[in-house]
Amino acid sequence: MKKIIVPFLLSIASVSINAEEQRHASAHVHGLNNVEVLLSNNQLNVTYKMPIVQLNTAHDDHEEHHEDGLFAFITDLFSHDDHDEHDEEHHNDYDEHENHDDKHHNQEKLAEFKDNTELFVLPSNANCHIVDFDAELRSVSTESSHKDVELTYKFDCSNYNKLNSIEFTVFKHFELDAIFVEAIINNHAVSKKITSTNRKMAW
């Protein structure tokens, strides 16, 4: 009986996982980044968004980890009639320690991007200086565990008349399909698709 039930439950779980991934594919696409640019006179705001998985490629196989965990759970469910409370508490302690390590690792990675030149550069003669930087993790959806990294930069540009472009250097760190940029430059809307062979957006 157990041999029949386990494959049946695994097949249901597989369909559920695939359906969830399809629902959120449009909201969370690996290999694609999004950037928002707002320029008003000497004030420049840049918001850079990327999937959190991009920070560490060792964690990019969400589906595999999910299915492995589910398989282990079902196997354990039907192979043991009794659960050892001590083992369960130890497992929970391990998960909390692992999550803490992941958060610490992500914080270290995010801190590296305080230097905007890791992602993009501005014309040097525009004399732009960072006056504020913020890094946050945001959930893509209330129904998904996926998260995005959101990096926000605020610049003061003393020679803003020379601020006429932004060039993306992020390709030296990550293999990206494209970066989609939406900008409002002194009340004028501009948008562009950035690729590894066309890394500059001018206005």
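Predicted model: local features only at pLDDT ≥ 70, side-chain atom pairs only at ≥ 80, totals over all residues.
1. **The six-stranded sheet.** A further open sheet has six strands. Its order is β4-β5-β2-β1-β7-β8, and the pairing is mixed. Here the edges are β4 and β8 (188-194), each with pairing on one side only. From one strand to the next, the twist averages 15°. As a reminder, strands of a sheet pair through backbone hydrogen bonds, either parallel or antiparallel.

2. **The β7-β8 pair.** Strand β7 covers residues 178-185. Seven bridges join β7 to β8, and the two run antiparallel.

3. **The nonpolar core.** Which residues have the most contacts inside the largest nonpolar core? They are Y48, L151, F168 and I179, in a core of 34 residues. At least two core residues come from each of β1, β2, β4, β5, β6 (165-168) and β7. Strand β5 gives the largest share, five residues.

4. **I179 and its surroundings.** Leaving aside residues up to four places away in sequence, I179 touches N33, V35, Y48, F168, V170, F171, K192, K193 and I194. Two of these contacts, Y48 and F168, are themselves among the core residues with the most contacts.

5. The structure holds three salt bridges. One of them joins K49 to E36, with the closest N and O atoms 3.2 Å apart. K49 lies in strand β2 (residues 43-51) and E36 in strand β1 (residues 32-40), so the pair ties together parts that are 13 residues apart in sequence. K49 has 25% relative accessibility and counts as partly exposed. E36 is partly exposed too, with a relative accessible area of 41%.

6. **Salt bridges: the R138 pairs.** R138 meets E136 in a salt bridge, at 2.8 Å from N to O. R138 is partly exposed, at a relative accessible area of 40%. E136 is also partly exposed, at 31% relative accessibility. The side chains of R138 and E150 form a salt bridge as well, at 3.2 Å from N to O. E150 lies in strand β5 (residues 147-157) and R138 in strand β4 (residues 128-139), so this pair ties together parts that are 12 residues apart in sequence.

7. Is E150 buried or exposed? E150 is buried, because its relative accessible area is 15% and buried means under 20%. Salt bridges that share partners join E136, R138 and E150 into one network.

Definitions and conventions:
Residues numbered from 1 in each chain as written. Heavy atoms only, no water. Salt bridge = Lys/Arg side-chain N within 4 Å of Asp/Glu carboxyl O. Helix = DSSP H or I, 4+ residues; strand = E, 2+ residues; numbered from the N terminus. Buried < 20%, exposed > 50% of the residue type's maximum accessible area, 1.4 Å probe, protein only. Pairing = 2+ DSSP bridges. Axes fitted to C-alpha atoms, helices over the stretch in contact; angles between N-to-C directions. Core = buried A, V, L, I, M, F, W, Y, C linked by side-chain atoms within 4.5 Å. Contact = heavy atoms within 4.5 Å.
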